[in-house]
Amino acid sequence: MIPLYHDFTDTTVLIFGGGSVGARKAKRFAAEANVVVVSPTFDDRFAEPEFPPIERIRAAPATTEIPAWFDRADPALVVAATDDGELNAAVAEAADDRDVLINRTDRAGERSVGSVVVPATVDDGSVSVAISTGGQSPALARYLREQIDGEIEAAGKMAELTGQLRAELKQTEPPETRRAMLRAVVRSPAVWKVLHTGIANAKKEAARVMQDHRTGEDT
Ligand SMILES: C[C@@]1(CC(=O)O)c2cc3[nH]c(cc4nc(cc5[nH]c(cc(n2)[C@H]1CCC(=O)O)[C@@](C)(CC(=O)O)[C@@H]5CCC(=O)O)C(CC(=O)O)=C4CCC(=O)O)c(CCC(=O)O)c3CC(=O)O
Ligand SMILES: NC(=O)C1=CN([C@@H]2O[C@H](COP(=O)(O)OP(=O)(O)OC[C@H]3O[C@@H](n4cnc5c(N)ncnc54)[C@H](O)[C@@H]3O)[C@@H](O)[C@H]2O)C=CC1
């Protein structure tokens, strides 16, 4: 498995199964995609006030009816999250026939082409860390996610700062110098320290770090 980031903007994610797992995946994909959940029953989580807007369709399709749901929704990705293994298998088969990405939530072992795993993720601004255990131990993925949560605090601001500096340096510095300067900024404890006081302050500290670097002094 090779981790990739995939943009689901303006696509549909079709989820079969409205239990706790269907709810978790729906929430996750709704951050970007149009989510449609097909299920005869829906977990209470779907009714929570902070639950994102998604389309709920109350139905219990039979395995033979699955392809028609694909035609109707035209999904970029489907999630098989029912408690019926046969139905989940039919969803995976329909996805395979149509080259649609499939996340099978009831399987951790061998996978077909187009089968994807949803990792545990931590976000801070535009920075995200994704953790997979290769399907071996989702509980461990969750635990590591909780550990890393505090670790990447301020990374979003650092990305914003160095994103701005990078755009500016592209106008003035040759690639080698720019690379060395940006590497020095992200490694500077002084810049990390002032980040919480705002980007403007951090920019001043970064300017010092970059100047030191340019003149060859040890940072
Ligand atoms: C293969 C994968 C497919 C996929 O769903 O993409 C899969 C499969 C299965 N999970 C099962 C169980 C649990 N899953 C969790 C939690 C999460 N599971 C997630 C992903 C994945 N789960 C993919 C692999 C990821 C990897 O590579 O590590 C996370 C990371 C992301 C998310 O789902 O959003 C999310 C944590 C989110 C967070 O908190 O950050 C917990 C822990 C808990 O609930 O506290 C338990 C109970 C404890 C345990 O079993 O470990 C079962 C058995 C079901 C049964 O026994 O019936 C199967 C099926 C099987 O094993 O056959
Ligand atoms: N990947 C993961 O992180 C995890 C995966 N699992 C797996 O995911 C499956 C679902 O787990 P839960 O959500 O906890 O189960 P659940 O029993 O709470 O939910 C199952 C849902 O599927 C619906 N359903 C049943 N037949 C259907 C049909 N024909 N079409 C559409 N929907 C249908 C049910 O109405 C229910 O809403 C489990 O069987 C388990 O194998 C379980 C825990 C974690």
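Residues are numbered from 1 along each chain as its sequence is written, while chains are lettered from A and ligands numbered from 1 in the order in which they are written. Because the model is predicted, local features need pLDDT of at least 70 and side-chain atom pairs count only at pLDDT 80 or more, whereas totals for chains, interfaces and linings use all residues. Helices (H or I, at least four residues) and strands (E, at least two) are DSSP runs, numbered from the N terminus.

The shell around ligand 1 comprises 21 residues, of which the closest are Ala108, Ala120, Ser132, Pro138 and Ala139; a residue is counted as near a molecule if its C-beta atom, placed from the backbone, lies within 6 Å of it. Helix 1 and helix 4 (138-151) each provide at least two residues of this shell, and helix 4 gives the most, with 5 residues. By class, the shell around ligand 1 contains 8 nonpolar, 7 polar and 6 charged residues. In this classification Ala, Val, Leu, Ile, Met, Phe, Trp, Tyr, Cys and Pro count as nonpolar, Asp, Glu, Lys and Arg as charged, and the others, Gly among them, as polar.

Ligand 2 is likewise surrounded by 21 residues, and the closest are Gly17, Gly19, Val21, Thr105 and Asp106. At least two shell residues each come from helix 1 (20-30) and strand 2 (34-39), with helix 1 supplying the largest share, 3 residues. The class composition around ligand 2 is 9 nonpolar, 9 polar and 3 charged residues.

The UniProt annotation "domain: Siroheme synthase central", taken from an unreviewed entry, covers residues 124-149. UniProt positions are given in the numbering used here, feature names are shortened, and annotations may be inferred rather than shown by experiment. Over residues 124-149 the chain is 46% helix and 23% strand, and the end C-alpha atoms are 9 Å apart.

Helix 5 (residues 155-172) has 18 residues and should span 26 Å at 1.5 Å a residue, which agrees with the 25 Å between its end C-alpha atoms; the expected span is 1.5 Å times one less than the number of residues. Ala155, Met158, Leu161 and Leu165 of helix 5 are buried. These residues cover an arc of only 115 degrees around the axis, and therefore lie on the same side of helix 5. The arc is that of the directions from the helix axis to the C-beta atoms. A residue is buried if 20 or more other C-beta atoms lie within 10 Å of its own, exposed if 12 or fewer, and partly exposed in between, with C-beta atoms placed from the backbone. The face turned away from the buried side of helix 5 carries the exposed residues Ala167, Lys170 and Gln171. The cover over the buried residues of helix 5 includes strand 6 (120-124), strand 7 (127-131), helix 6 (175-186), helix 7 (189-195) and helix 8 (199-214).

Ala206 is located in helix 8 and is buried, with 26 other C-beta atoms within 10 Å. Leaving aside neighbours within four places in sequence, Ala206 is in contact with Leu161, Leu165, Val185 and Val191, contact being defined by C-beta atoms, placed from the backbone, that lie within 7 Å. The C-alpha atoms of Ala206 and Val186, 20 residues apart along the chain, are separated by 9.0 Å.

Most residues other than glycine have a negative phi. Asp99, in the loop between helix 3 (85-98) and strand 5 (101-104), has a positive phi near 55 degrees and is exposed, with 8 other C-beta atoms within 10 Å. Ala154 also has a positive phi, of about 85 degrees, and is placed in the loop between helix 4 and helix 5. With 18 C-beta neighbours inside 10 Å, Ala154 counts as partly exposed.

Gly114 occupies the loop between strand 5 and strand 6 and is partly exposed, with 14 other C-beta atoms within 10 Å. Not counting residues up to four places away in sequence, Gly114 touches Ala95, Asp96, Asp99, Leu101 and Ile102. Gly114 and Leu77 are 37 residues apart in sequence and 9.4 Å apart in space, C-alpha to C-alpha.

Methods: Two residues are in contact if their C-beta atoms, placed from the backbone, lie within 7 Å.
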